[in-house]
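Hello,

Here is the structure I said I would pass on. Please have it open while you read the notes below.

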Amino acid sequence: MSLRKFQGNLLFDGQEVLPGKKVLIVAENGRIETIVDEEMAGDDVQSVKGIVSPAFINCHCHLELSHLRNQIPQKTGLPAFAYNVITKRPSDPGEIRDAMNRSQEAMFQNGISGVGDICNTEDSFEAKQNASISYHNFIEVSGWNPAASEERFQVAREILQLSRNSGFKTSMVPHASYSVSNELWEKMSPLFIGNIFSIHNQESRDDEKLFLTGEGGFLDLYRQLGISNDHFRPPGISSLGFTKMKFAAASGILLVHNTFTTEEDVQTLHVSKQIWHKTHFCLCPKANLYIENRLPPVDLLVQNNAKMVIGTDSLASNDSLSV
């Protein structure tokens, strides 16, 4: 069996930087065989500058928005950003395809081997088929108007099946608390059972205003898009407090962004042990600075021993997809 041997300035095994001079031994097919001390490695060791490390996982991306790079103003706040994405998203199919291909190649060159990718359409499936990256497709559903819940749900189910038929690991997930009606939650909730769940969580202060008082910038967004808000009655609690039991049956939970998550929110998850132990807080700091000019409360999450992962969001809200 042919083996390849790599040694960098440091070697990170996924848990810690190993002491001493270490060499990574890899089989011809890419399988990691072992890590040995330098004196045990023998000949033909390939030296590289930098840290030898496992490949990275981009836990939150929107590959299908890659064509929106440099198209949306920065630091406008989430409601204005969302309006720009919705109105500027339609584009030439060839342009969208080329932008996706460039983006996934750039991710691979930057050491990313796996991506949790948000899909509102099937546009990215063909581009991903022959990629060097493994994808988990999160088929994202939105619909604030209760009357449209059945139509939105059925469209998402069709995309879900197309994704699975194409061989991708796939989950159906809601977009965010402020974009999914109770009726739509009820339709999709059975599909969370045993699957990985993802949601844009507390990305904006307007998200919290809506659920606490029924006010904030999303009311303007609904008006701009011609969406009625008459059905909504604010529960008087945070959006995370409102939604947490809706996704409790998922096998794994990704709360994405968490820019305005508080100590109280973290404790509400702690109380539900079965939720806390399978929850990961996905941080996308460059996107948070791009949209809200604010970073998530990392110190708070560290103090509570929260599990954290990294995402990039899309090129609509970032200048690169490198973690």
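The notes cover aromatic contacts and then cysteines.

First, the ground rules. This is a predicted model, so local features need pLDDT of at least 70 and side-chain atom pairs count only at pLDDT 80 or more, while totals for chains, interfaces and linings use all residues. Residues are numbered from 1 along each chain as its sequence is written, and side-chain values use heavy atoms, with hydrogens and water left out.

**Aromatic contacts**

Two rings of Phe, Tyr or Trp (its six-membered ring) pair if their centres lie within 6.5 Å; planes under 30 degrees apart are stacked, over 60 edge-to-face, and the rest tilted.

One of the pairs is W144 with Y222. The two are stacked, at 5.4 Å centre to centre and 15° between the planes. W144 sits in the loop between β9 (134–141) and α4 (149–165), and Y222 in helix α7 (residues 218–225), so this pair ties together parts 78 residues apart in sequence. Helices (H or I, at least four residues) and strands (E, at least two) are DSSP runs, numbered from the N terminus.

Buried means under 20% relative accessible area, exposed over 50%, and partly exposed in between (1.4 Å probe, protein chains only).

Y178 and F218 make another stacked pair, with 3.9 Å between centres and 20° between planes. This pair also links distant parts of the chain: Y178 is in the loop between β10 (169–174) and α5 (182–188), F218 is in helix α7, and they are 40 residues apart. Y178 is buried at 5% relative accessibility. F218 is buried at 0%.

W144, F211, Y222, F232 and F242 form one aromatic cluster.

**Cysteines**

A disulfide is a covalent bond between the sulfur atoms of two cysteines. The cut-off here is a pair of cysteine sulfur atoms within 2.5 Å. By this rule there are zero disulfides.

C61 is in none; its nearest cysteine sulfur belongs to C284, 9.2 Å away. C61 is buried, at 0% relative accessibility. For C119, the closest cysteine sulfur is in C61, at 9.5 Å, which is too far for a bond. C119 is buried as well, at 0%.

Best wishes
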